Amino acid sequence: MSYEIEKSDAEWRAELTPEEYHVLREAGTERAFTSPLEHADDQPFVYSCRACGAELFESATKFDAQCGWPSFYAPLAEDRVEYIEDRSFGTVRTEVRCARCGSHLGHVFQGEGFATPTDLRYCINGISLQRREADPAH
């Protein structure tokens with residue numbers, strides 16, 4: 001698949017820390033309960049892809065799933081993320097990637113019983129995201 005932002009492996013390695021590279025470019029997972037972005041927000045934020053800056057999620061759709069990673073019930077817009085079938089752990093999961101650069105963000109799960117409008121949990125690695133205050137004009 002081709003992306004709007006494409007870089008060589010060497011370019012990604014130069015721009016990302018080893019931990020960021022492992023998660024974003026090698027589909028790794030950060031350790032549970034290590035992200036400062038895991039818990040609910042106290043003010044409006046926008047969450048962007050750490051690799052390319054694409055705006056992906058907002059705090060209005062974030063909830064505390066107590067799973068060890070930041071959780072959202074919907075992306076900012078469906079065209080901001082892409083979905084890939086993941087059979088890597090002997091089960092079928094749905095991987096979530098940044099649609100702009102192809103970086104691994106996490107996985108999305110359905111039917112877990114959370115009281116959200118979509119019944120989805122986007123379980124996203126905090127290291128895959130950058131958080132900034134939302135523009136109050138929007």
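Strand E7 makes the biggest contribution to the lining of the largest pocket, supplying four residues. This is a predicted model, and the largest pocket in it holds about 220 Å³ of space. The second largest pocket holds about 150 Å³.

**Largest pocket**
- The lining counts 16 residues, and those nearest the centre are Thr29, Arg93, His104, Gly106 and His107.
- Strands E6 (93–98), E7 (104–110) and E8 (120–124) each provide at least two of the lining residues.

**Second largest pocket**
- With about 150 Å³ of space, this pocket is lined by 13 residues, and Tyr3, Arg25, Arg97, Cys101 and Gly102 sit closest to its centre.
- Helix H2 (18–26) and strand E6 are the elements that give two or more residues to this lining.
- Six nonpolar, two polar and five charged residues make up the lining here.

**Three-stranded sheet**
- Three strands form an open sheet in the order E2-E1-E9, and their pairing is antiparallel.
- Strands E2 (55–58) and E9 (129–133) are the edges: each has a single partner strand, so one side of each has no neighbour in the sheet.
- On average, neighbouring strands in this sheet are turned by 30° against each other, with direction ignored.
- Strand E1 (residues 45–49) is joined to E2 by three bridges, and the two run antiparallel.
- Ser48 has Glu55, in E2, as its bridge partner.

Definitions and conventions: Residues are numbered from 1 along each chain as its sequence is written. This is a predicted model: local features need pLDDT of at least 70, side-chain atom pairs count only at pLDDT 80 or more; totals for chains, interfaces and linings use all residues. Side-chain values use heavy atoms; hydrogens and water are left out. Two strands pair if DSSP finds at least two bridges between them. Axes are lines fitted to C-alpha atoms, for helices over the stretch in contact, and angles run from 0 to 180 degrees between N-to-C directions. On a 1 Å grid over the protein atoms alone, a cavity is a set of points where a 1.4 Å probe fits but cannot get out, and a pocket is an open set with protein on both sides within 12 Å along at least five of seven lines; lining residues have an atom within 4 Å of a point. Grid points are joined across faces, edges and corners, and a volume is the space filled by probe spheres set on the points. Ala, Val, Leu, Ile, Met, Phe, Trp, Tyr, Cys and Pro count as nonpolar, Asp, Glu, Lys and Arg as charged, and the others, Gly among them, as polar.
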